[in-house]
Amino acid sequence: QQALDNIHAYPHCVLLTRVGGFYELYFDHAESYHQELGLKRSFKDTKLGPVAMAGFPFFQLDRFVKLLVQDMGKFVAISEEVEKDPLDVTSKNAFDRKVLRVITPGTLLDEKFLEQETNNYLLSVHIQEQDNLAGLAWMDLSTGDFLTQEVSLSGLASSIQRLQPKEIIGTGLAGFAFTPVEKAEQISDQWKKLVKDDFSLPEALAGSTLLAYIAENLKTSVVTPPVRVSMAGTMRLDYNAIHSLELRRSMMEQGSGYRGSLLHALRGTLTKSGSRLLATWIVNPITSVDTLNQRLDLVTLLLEDEELRSQVQRFLKNSGDAVRVLQRFGFGRGEVEDLLTISASTTATESLLALLSRHARAEPLRSRMTVLDKLRKKITASVDEEGLSKRNREDAETAARVMQEVMQATTPTPERRRKAIERDVSYTMRSTASTALKHLHQTLADLSLEKEALQMHLRQELGDSSLTLKTLPGLSHIAHVRSSSKALLNPDVARAVGSTRSTRSYHIAAWSLLGTRIEATRLQIQREETQTFHALRKLVLQNMAALRENAQVLDELDVACNFAQLASQHNWVRPILEETSTTEIIGGRHPVVEFSLLAKGQQFQPNDCHFGEENMYLITGCNMGGKSTFLRTAAVIQILAQIGSYVPARHARLGIVDQIFSRLGSADSLYQDESTFLVEMKETSAILSGASGKSLVLMDEVGRGTTFVDGISIAYATLEKLQEVGCRTLFATHFHDLAKLMKDFPRAGMLYTDLIEEEDGSFTFEHQMKRGVCTDSHGLKVARIAGIEQSVLDTAQR
């Protein structure tokens, strides 16, 4: 009945109910999902009649939650056994089964399948149409990052593309997959308690909705105050730039699309949190020359001093993912192993601080680091790592044994007798971790001596040294004697309880009393260990601010080492950054394309790109000649420079860019019933209305989706407008006549690519940018490569 009530209370969820060592599905949930989950369905007789059920061992919860939430897109309600109120006599159940958590794609917290190298953002969107604004509030529950931003409705898609949330909540979000929730009509009390600074009304309402959703699904939640994100000081990347430049996802790769992206090419970080920071930086380049030069100074230091880089990387490898541990602790969760992660992080911080103290260029990072020696020593003095390792091995063995029993229970084999095995109890805290633990361990040691004395006494009384006192599951405290022994225990002292071919078992009152005292002491030790863990967890949370800042510094060091490694391995150069609108790239290369070619034993053709007296280039040339790659290379080099990385070129002097706009490739929107040309025109409109004199604009084949006359007219008008704006522009086209129309543009230049044709008709692409205009796109040659029949090509030639 409790399960049925919970199903009715959470109709949008799949209910998993804890019953002893299992989680079980009932009713329609068992019928609907047992096959997809690979579970055996059975029926249970109840007052409601036969009820369908399916289940799995408790330690497999993560596996099945992943299947349901990540693979099947379901919400999961977790119903746990809660100790019943002793005054409640209305139910005969030993436990109440209450839903303590609802798991959705955006509310993953510490599940083992949680992606470690990317953020798991839950995004709340509050639309305020009358002001053409949207308030955004997003949080990664696994790290505690809580941020807000106000954007225009036209910039909403770009913001969502930049964040890549795992779940979006809100109302009226046409064009996006979202979880409908009732939006906040007024700012919540929870928001008011968290926030001291001024936030816009849309941000506050989005944040209030987010907090309410988290509280509803997690039941208990602890969140840090939000941080307001301002686009001031950040290079803006619109939706199309992030997508077409393949910053975090490749357009060609299936699945996640990570392989083939810029992030994939760059990622060489050693820590999971460092990988998350790199992924964030790639779509959030900055515009402060001073800050960028500080980042570049650190990369230069690590590049020039290979031994220092190696030492830094060695410490980073052992630093752990402290921010996710802090968040688990903040939610009242976590395990003893997490304390070791915090200890490892503090150890790495201390070591790195000492290592960097000799280098002035590391001062901006070093000044933000805090030594938490007392915390580290307290954890080290409390946690018994050897005992913890032993406990983990025992838990793994227990899980394997339970799994074997489950398999045997579902397999029609003869019934097997369960073997009772006595196991030593392993402890995770040192006996010196607290005064109480010290006294309890001393008591346990004294009781163990009493056990040895009793065992010796009974052996002497029996005259058989085979007698052994044991504590076994189910049988409690017993004495084992070899079956071959001729001696018999006094029936007034010992009561026979069973025998096997090898042993006889007895209950002995003295041993039962002593064994009960030993077990009680062990339970007291375990309870005191739990209290000690809670005290250490509280101490860690008291140092949360310093630990989070230290973790951020370690992440930045990790990314800097990654950049230095790339520069060393691939001959990248330090960019010279200026507050100008000039660009001077010599020998520029696209890292993704270059790495792909190197893997095939081929070389990338570098190209130069200059913006100065000329701030616009019309680029013509054959298909597959490298025009689009040239455009993308200029943008990627600019982005790399503005996240603080060296760049793939022989030389790079770059004026800071405030926005990158990209109109590359073709796409239609069947969902919104928009043709390729309409989408193209909308993107062009956004560029023309948003570009400034400090922007970089990339446009490829604008106007090709309509007639030649209309297309070239639109392309010309677009170029004219961009010339007025004064932004840096790369405009690739097959409208060769545009070169003549642009002859009066004062700051426009012409570039082209060509191919080399041999006497036998074969040809190769040069991929080399040259001054001038190419009047032949060589489309028929490309068609031949694509496998078009020769007869068709002959007809086309005529």
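This note goes through the predicted model point by point, from overall figures to single residues.

1. Basis. The model is predicted, and local features are taken only at pLDDT of at least 70, side-chain atom pairs only at pLDDT 80 or more, while totals for chains, interfaces and linings use all residues. Residues are numbered from 1 along each chain as its sequence is written, and side-chain values use heavy atoms, with hydrogens and water left out.

2. Overall figures. The protein has 26 helices and 29 strands. Helices (H or I, at least four residues) and strands (E, at least two) are DSSP runs, numbered from the N terminus. Of the 798 residues, 49% are buried; buried means under 20% relative accessible area, exposed over 50%, and partly exposed in between, with a 1.4 Å probe and protein chains only. The exposed surface comes to about 38,900 Å², and carbon and sulfur atoms supply 51% of that. Accessible areas come from the Shrake-Rupley method with a 1.4 Å probe, and for residues only the protein chains shown count as cover.

3. Contacts along the sequence. A contact means heavy atoms within 4.5 Å. Taking contacts between residues at least 6 apart in sequence, 67% join residues at least 24 apart.

4. The seven-stranded sheet. Seven strands form an open sheet with mixed pairing, in the order β13-β23-β24-β25-β21-β26-β29. The edges are β13 (236–237) and β29 (770–771); each has a single partner strand, so one side of each is left without a neighbour in the sheet. Two strands count as paired if DSSP finds at least two bridges between them. Strands of a sheet pair through backbone hydrogen bonds, either parallel or antiparallel.

5. Strand β23 and its partners. Strand β23 (residues 659–663) runs parallel to β24 (residues 696–700), and four bridges join them. Within this pairing, Phe661 stands opposite Val697 in β24, and the bridge partner of Arg663 is Met699. β13 also pairs with β23 in the parallel sense, over two bridges, with Leu237 opposite Ile660.

6. Cover of β23. Five of the five residues of β23 are buried, so the strand is largely enclosed by the rest of the structure. Both faces are covered: Gln659, Phe661 and Arg663 are buried on one side, Ile660 and Ser662 on the other.

7. The annotated segment. The UniProt annotation "domain: DNA mismatch repair proteins mutS family", from an unreviewed entry, covers residues 695–711. UniProt positions are given in the numbering used here, feature names are shortened, and annotations may be inferred rather than shown by experiment. In the model this span is 24% helix and 29% strand, and its end C-alpha atoms lie 24 Å apart.

8. Helix α19. Helix α19 (residues 544–570) has 27 residues and reaches 39 Å from its first C-alpha to its last, close to the 39 Å expected at 1.5 Å a residue. The expected span is 1.5 Å times one less than the number of residues. The helix is mostly covered, with 20 of its 27 residues buried. Asn571 follows α19 and has a positive phi, near 60°.

9. Val559. This residue lies in helix α19 and is buried, with a relative accessible area of 0%. Leaving out residues up to four places away in sequence, Val559 touches Thr269, Gly274, Leu277, Leu278 and Trp281. Val559 and Arg295 are 264 residues apart in sequence, but their C-alpha atoms are 9.8 Å apart in space.

10. Asp338. Helix α13 (residues 336–356) contains Asp338, which counts as buried at 8% relative accessibility. Its side chain makes a polar contact of 2.9 Å with the side chain of Arg328. A polar contact is a pair of N or O atoms within 3.5 Å; within protein, one must be able to donate a hydrogen and the other to accept it, and residues adjacent in sequence count only if both atoms are side-chain atoms. Beyond residues up to four places away in sequence, Asp338 touches Val325, Arg328 and Phe329.

11. Positive phi in loops. Most residues other than glycine have a negative phi. Gln164 has a positive phi near 50°; the residue sits in the loop between α4 (156–163) and β10 (167–170) and is partly exposed at 27% relative accessible area. Glu701, also not a glycine, has a positive phi of about 60°. Glu701 is in the loop between β24 and α23 (708–725) and counts as buried at 10% relative accessibility.
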